[in-house]
Amino acid sequence: MKKKPRHYQRIQDNNNNNNNNNGFTSLSLTKPSPTPILLGKQSIQRTKLEALDSVITELETSARKGITITEPEIFASLLETCYTLRSINHGVRVHRLIPPYLLRNNIGVSSKLVRLYASCGYAEVAHEVFDQMSKRKSSAFAWNSLISGYAESGQYEDAMAIYFQMAEDGVKPDRFTFPRVLKACGGIGSIQIGEAIHRDLVKEGFGYDVYVLNALVDMYAKCGDIVKARNVFDMIPHRDYVSWNSMLTSYLHHGLLHEAVHIFRLMVRDGVEPDKVAISSVLARVLSLKHGRQLHGWAIRRGMEYELSVANALIVLYSKTGQLIQACFVFDQMLERDIVSWNAIISAHSKDSSGLKYFEQMQRADVKPDVITFVSVLSLCANTGMVEDGERLFSLMSKEYGINPRMEHYACMVNLYGRAGMMQEAYSMIVREMGFEAGPTVWGALLYACYIHGNADIGEVAAQRLFELEPDNEHNFELLMRIYSKAKRIEDVERVRQMMVDRGLET
């Protein structure tokens with residue numbers, strides 16, 4: 001079962017190659033910056049990493065002196081620690097110390113190495129280690145790790161292939177196999193394969209395992225069969241948080257808000273306290289301000305209103321229901337904020353020039369804006385007529401923060417110039433500034449601006465591009481007809497109307 005890694009080059013050689021027993025070297029990864037609220041926890045993490053580093057350094061020193069370490073327990077323990085601390089760099093160093101024969105023949109050591117690589121996003125490297133294992137058929141552990149690694153990285157077909165190979169090789173799956181393969185199946189969206197795996201897990205005796213059934217609910221929902229997802233949910237004998245959250249998010253994913261709220265109430269009635277995942281999931285999709293306030297009150301009574309995901313969802317809820325003061329209050333009371341928090345409060349001020357003060361606060365707090373941040377601030381500038389600020393921020397995005405403008409950013413700039421009546425600047429932004437073909441959002445912003453300001457010449461160009469990009473969007477035809485009507489070009493109005501008739505669009 002040989003499989004050549006597709007991106008082996010991700011393993012970078014940053015260390016001394018003299019003792020590289022197996023061809024693997026250390027990885028070059030970005031070190032995350034700790035947030036203040038996690039500082040204590042990360043200090044403990046650093047201490048553990050320092051201890052791990054010290055042990056590995058001593059073993060490397062011994063290896064350089066010609067002392068070969070052959071005890072599998074030492075490597076198994078070190079790999080377990082690397083996995084717990086998610087330290088792939090240290091794991092690679094341990095890998096270099098393991099004698100090849102031990103890696104091939106000791107399933108405990110090799111399985112833990114497979115798990116480490118797979119869990120850190122290096123499924124192809126994990127697969128190469130897996131292929132060297134002589135006793136991989138004796139346990140499902142390494143197979144499960146490989147399935148999980150591929151599934152977590154979105155390589156669902158590869159994950160499914162490992163599962164089918166597992167069956168062909170006669171390896172007996174366990175309760176950890178099925179949740180991983182069901183995740184991959186949900187990613188593919190194949191209900192037929194999902195049903196086949198359902199039959200497999202029942203045959204293997206896991207038909208009433210809560211851990212497996214939770215994954216089954218999620219799989220059916222992602223494959224589009226919400227009825228079967230609910231049927232499996234109703235079969236679960238003793239539901240846990242994951243069971244309720246799986247069913248709740250499944251309903252929300254399918255837009256079934258009424259059913260989601262019903263599940264939420266059943267959850268509370270059965271004495272299961274919804275956690276922050278459940279609360280924030282419902283808040284993110286609730287449409288009624290009344291229901292949103294009830295959920296907010298429920299969160300306050302349980303001391304969850306300051307949970308990051310809950311507070312972020314509350315900001316979005318209050319902003320989209322027109323309660324800007326309340327959204328600001330929630331933001332101001334937050335104990336910690338992430339990029340989602342800042343984006344949410346800036347977006348809440350999309351029609352209020354004072355929203356730029358939050359962007360400035362964000363900069364002072366040393367929080368790096370992202371793609372969404374600049375969409376929000378540029379939209380704000382367009383909606384409030386702040387042309388100079390918009391131009392300054394558009395330039396700042398690439399020069400200061402290294403963010404290349406995307407389609408939505410150009411659409412914001414076209415909208416900014418268009419609303420201000422600067423039609424030539426808007427048109428020039430498309431034909432001279434963009435490094436790629438403009439899409440419907442960009443040309444649509446220009447066409448709407450032409451309608452507002454009565455510019456038939458540029459409007460014709462924008463409409464023609466939109467007719468090519470969105471041939472069935474009658475709104476574009478109607479806008480051009482209105483532009484011609486404003487310009488008293490009645491023959492052109494009738495011509496566009498006939499185009500709509502010829503294309504089978506309503507008039």
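**Note on aromatic rings**

1. The structure holds 15 aromatic pairs, where rings of Phe, Tyr and Trp (its six-membered ring) pair if their centres lie within 6.5 Å, with planes under 30 degrees apart counted as stacked, over 60 as edge-to-face and the rest as tilted. This is a predicted model, in which local features need pLDDT of at least 70 and side-chain atom pairs count only at pLDDT 80 or more, while totals for chains, interfaces and linings use all residues. Residues are numbered from 1 along each chain as its sequence is written, and side-chain values use heavy atoms, with hydrogens and water left out.

2. Phe176 and Tyr211 form an edge-to-face pair, at 5.7 Å centre to centre and 65° between the planes. Because Phe176 lies in the loop between helix H8 (156-168) and helix H9 (177-188), whereas Tyr211 belongs to helix H11 (residues 210-222), the pair ties together parts that are 35 residues apart in sequence; helices here are DSSP runs (H or I, at least four residues), numbered from the N terminus. Phe176, at 37% relative accessibility, counts as partly exposed, as does Tyr211 at 34%, the class between buried (under 20% relative accessible area) and exposed (over 50%), with a 1.4 Å probe and protein chains only.

3. Tyr448 and Tyr451 form a tilted pair, with 6.2 Å centre to centre and 50° between the planes. Being 3 residues apart in helix H25 (residues 440-453), Tyr448 and Tyr451 are separated by about one helical turn, and Tyr448 is partly exposed at 39% relative accessibility.

4. Tyr163, Phe164, Phe178 and Phe206 are linked by ring pairs into a cluster.

5. The charged end of Arg239 sits over the ring of Trp244, 5.5 Å from its centre, and that of Arg337 sits over the ring of Phe331, 4.1 Å from its centre; the term requires NZ of Lys or CZ of Arg within 6 Å of the ring centre and within 35 degrees of the ring normal.

Methods. Helices (H or I, at least four residues) and strands (E, at least two) are DSSP runs, numbered from the N terminus.
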